[in-house]
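I opened the model to look up two things. First the pocket, then the helix packing.

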Amino acid sequence: MTHSTEVWLVLLVALVLANLPFVNERLFVAGPRLARKHLGWRVLELLVYGGIALAVGFGLEARVGQRQPQNWEFYVAALCLFVTFAFPGFVWRYLRRGA
């Protein structure tokens, strides 16, 4: 797998995981179905899925070679990017008309 493919794979995984909390009413996709999942559960899922996406990126980076140490700025930028990726799911769940 080339570096470019790995970058696109991490971005695709992050995009899917960021929108996952907003497309269903189950806790963490496989948990119990709730009548109406509270926003707090969705935010918790978003944070956990963000950690999973980060772990996938770190795993692919470690597979290529030595993983580079990161400072807090990297994690803040990654969180902002992940929240930006979640915007379509948020709009679909909360802002569309007739919902």
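Lining residues have an atom within 4 Å of a point. Volume is the space filled by probe spheres set on the points, which are joined across faces, edges and corners.

The model is predicted: local features need pLDDT of at least 70, side-chain atom pairs pLDDT 80 or more, while totals for chains, interfaces and linings use all residues. Numbering runs from 1 along each chain as its sequence is written, and side-chain values use heavy atoms, without hydrogens and water.

**Pocket.** I read about 590 Å³ for the largest pocket. I found 25 residues lining it, with Val 10, Ala 53, Leu 54, Gly 57 and Phe 74 nearest its centre. Which helix gives the most to this lining? I noted α2, with 11 residues. Helices here are DSSP runs (H or I, at least four residues), numbered from the N terminus. α1 (3-19), α2 (39-64) and α3 (72-85) each supply at least two lining residues. By class, I logged 18 nonpolar, 5 polar and 2 charged residues in the lining; Gly counts as polar, Tyr as nonpolar.

**Packing.** I took α2 and α3 next: their axes (lines fitted to C-alpha atoms over the stretch in contact) come within 11 Å and cross at roughly 120°. Angles run from 0 to 180 degrees between N-to-C directions. Contact (heavy atoms within 4.5 Å) involves Leu 46, Tyr 49 and Ala 53 of α2, among others, and Phe 74 and Phe 82 of α3, among others.

Conventions
1 Å grid on protein atoms, 1.4 Å probe; cavity = no way out; pocket = protein on both sides within 12 Å on 5 of 7 lines; lining within 4 Å.
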